[in-house]
Amino acid sequence: MNRDTTATPVVTRVAPSPTGPFHVGTARTALFNYLYAKRVRGRFLVRIEDTDKARSTKEFEEDILDGMRLLGLVCDDMVRQSERVEQHAERLRELVAQDKAYVSREPSKSDPSVEVEVVRLRNPGTTITFHDEVRGDITFDTGELGDFVIARSLRDPLYHFAVVVDDADMGVTHVIRGEDHISNTPRQILIQQALGLPRPVYAHLPLILAQDRSKLSKRKGATAVADYIAKGYLPSALVNFLALLGWNSGSDKEVFTLDELVTAFSLDGVQKGGAVFDVVKLQWLNKQHRLMLPFEEQRNLMLSHVHGVEGVYDALSNSEAAMHDILERYATGEELRTAVDSGEFSFYERRPEVTREMLVWKKDPTPERAGERLAHIVELLQTIDGDFTTDTVREALNEYAESEGKGNVLWPMRMALSGKDRSPDPFVLAEALGTIETKARLKAAIVACS
RNA sequence: GGCCCUAUCGUCUAGCGGCUAGGACGCGACCCUCUCACGGUCGAAACCCGGGUUCGAUUCCCGGUAGGGUCACCA
């Protein structure tokens, strides 16, 4: 544990640009900044980088802000870069006045026939070494950068310039961002030096990779946080998963709540290499998190994914036992839906077709008695008054099943109710199907045996 | 291509000179069991290659290879 006893409070920030939906990579960067700040009771800020007016939209901004709220990444303050044009312009004038930057007339890059005035930084061309909290010292020769452009005009700053000015004005002490920004760092430091601003602590996080180890992109699977939420993943599971991508607590603990992550987090545990986004592990984590929820919540979560499939919806909403079966079987609502759509639970939707052979348990030495047993089951079920539940049905059949051999009784019954060789047990089926339908299916099976 | 970063089971990772290289996901087997799932037990599975340094390298250094990032009047 490193006790941070420095007097200056930590300020971190995440700076998404609203040019696309809230991306899991952005979410992870936000998460790490949040964790780092909260760990030492510092401030976590959000800055919407909307200086690219052509590509930024209000919708994307809302998606990002909503997404962060959903994940529990509550920020202490939020600013839009577009609202800070005055500060940017002032700093820009300052640099030009000091001749540390200059206005240059040159042909426009987009339209060479037009002449524009851009602002370029006078690059001293020195070697810059900065310390990265996860990678150590990194050195760049900034000579190759030349007098790079820092603004389209005196009133229209570019990314690097705005970042430096804003971070300084916001009092950002720690810049924690993706590895793709490493090569941006030297030019930002150059601007800092020209402006006489302090250098924040830098920490560059490894990238999140697709299965093929290339940059995670939309084509290689869902990248939007909202997509995962729509599939039925819990925000807490997503947060937990993202935290484990490129970080570990140093212990064997893997299931964390956001609060637990705050206390466990440290930059020491941050990995250097990129991490593959493994949906299978996300699913497992989602199940772990979902299992911690009250039954009611888990039920509603799952039910919301089977709307429109009446039989399944009814069975699962009427029978707790059937729902419990689902809860241990599937990790997410999407997974459930896929199974339902492929007919895994067709027995909840309609009466199955059964044949004599299906009704005989493979180990039954007396296959000819299948019909007889089913008839006896029906008889025993008559003794139940009230609705069938797993308990009443089990109680009614227990003695007979024991004496006759469980498989000889439960297999034909389960098969009569489900028509499948893989399904929930017959008690769950009886409860979910209801008294009337259960009896009807058993009788139909008896007919099939004769 | 230049510059920069990275490299332990299939995947996420522990390891910070001496370990039977540990855990998790996934996978396989067995147990539980009427089936499936759950649960339990066990198992297969990794130090990219080559040089150094050292009594000793997964670990430190150099080179190679591979992968990634970045080279805008986007962010």
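**Figure 1. Strands S4 and S5 pair in the antiparallel sense over seven bridges in this predicted model.** Pro-107 has Glu-115 of S5 as its bridge partner. The two strands belong to an open sheet of four, ordered S4-S5-S8-S9, in which the pairing is antiparallel. S4 and strand S9 (156-157) are the edge strands; each has a single partner strand, so one side of each has no neighbour in the sheet. Between S5 and S8 the antiparallel pairing runs over two bridges. Val-119 is bridged to Ala-151 of S8, and Arg-120 is bridged to Val-149 of S8.

**Figure 2. Asp-99 sits in the loop between helix H3 (85-97) and S4.** Is Asp-99 buried or exposed? Asp-99 has 8 C-beta neighbours inside 10 Å and therefore counts as exposed. Ala-194 is 95 residues away along the chain, yet the C-alpha atoms of Asp-99 and Ala-194 are separated by 9.9 Å.

**Figure 3. Strands S10 (residues 174-178) and S11 pair in the parallel sense over five bridges.** Gly-178 has Leu-205 of S11 as its bridge partner. Strand S11 (residues 201-205) is mostly covered, with four of its five residues buried.

**Figure 4. The buried residues of helix H2 are Asp-63, Ile-64, Gly-67, Met-68 and Leu-71.** They lie on the same side of H2, because the arc they cover around the axis is only 125 degrees. An α-helix has 3.6 residues a turn, so residues three or four places apart point the same way. The buried residues of H2 pack against helix H1 (24-39), strand S2 (43-48), H6 and helix H7 (235-244). Which exposed residues does the face of H2 turned away from its buried side carry? That face carries Lys-58, Glu-59, Glu-62 and Arg-69. H2 (residues 58-71) has 14 residues, which at 1.5 Å a residue should span 20 Å; the C-alpha atoms at its ends are 20 Å apart, in agreement. Just after H2 comes Gly-72, with a positive phi of about 85 degrees.

**Figure 5. Gly-221 is placed in the loop between strand S12 (208-209) and helix H6 (225-230).** Gly-221 counts as partly exposed because it has 13 C-beta neighbours inside 10 Å. Ala-210 is eleven residues from Gly-221 in sequence, and the distance between the two in space is 7.9 Å, C-alpha to C-alpha.

**Figure 6. Helix H15 (residues 370-382) has end C-alpha atoms 19 Å apart.** Its 13 residues should span 18 Å at 1.5 Å a residue, which agrees with that distance. The buried residues of H15 are Ala-370, Arg-373, Leu-374 and Ile-377. Their arc around the axis is only 100 degrees, so they are on the same side of H15. Against which helices do the buried residues of H15 pack? They pack against helix H16 (390-404), H17 and helix H19 (435-449). Glu-372, Glu-379 and Gln-382, on the other side of H15, are exposed.

**Figure 7. RNA strand B is surrounded by 59 residues.** The closest are Ser-17, Glu-49, Gly-273, Lys-406 and Asp-425. Several elements give two or more residues to the surface near RNA strand B. Among them are the strands S4 (101-107), S5 (115-121), S7 (136-141), S8 (149-153) and S13 (275-276). The helices that do so are H9 (279-291), H12 (320-329) and H17 (406-418). Which element gives the largest share of this surface? H17 does, with five residues. By residue type, the surface near RNA strand B divides into 23 charged, 21 nonpolar and 15 polar residues. Two of the strands named here, S4 and S5, also pair with each other in the antiparallel sense. H17 is also one of the helices against which the buried residues of H15 pack.

Key. Residues numbered from 1 in each chain as written. Chains lettered and ligands numbered in written order. Predicted model: local features only at pLDDT ≥ 70, side-chain atom pairs only at ≥ 80, totals over all residues. Near = placed C-beta within 6 Å. Nonpolar A, V, L, I, M, F, W, Y, C, P; charged D, E, K, R; others polar. Expected span 1.5 Å × (residues − 1). Buried ≥ 20, exposed ≤ 12 C-beta atoms within 10 Å, placed from the backbone. Arc of directions from axis to C-beta. Contact = placed C-beta atoms within 7 Å. Pairing = 2+ DSSP bridges.
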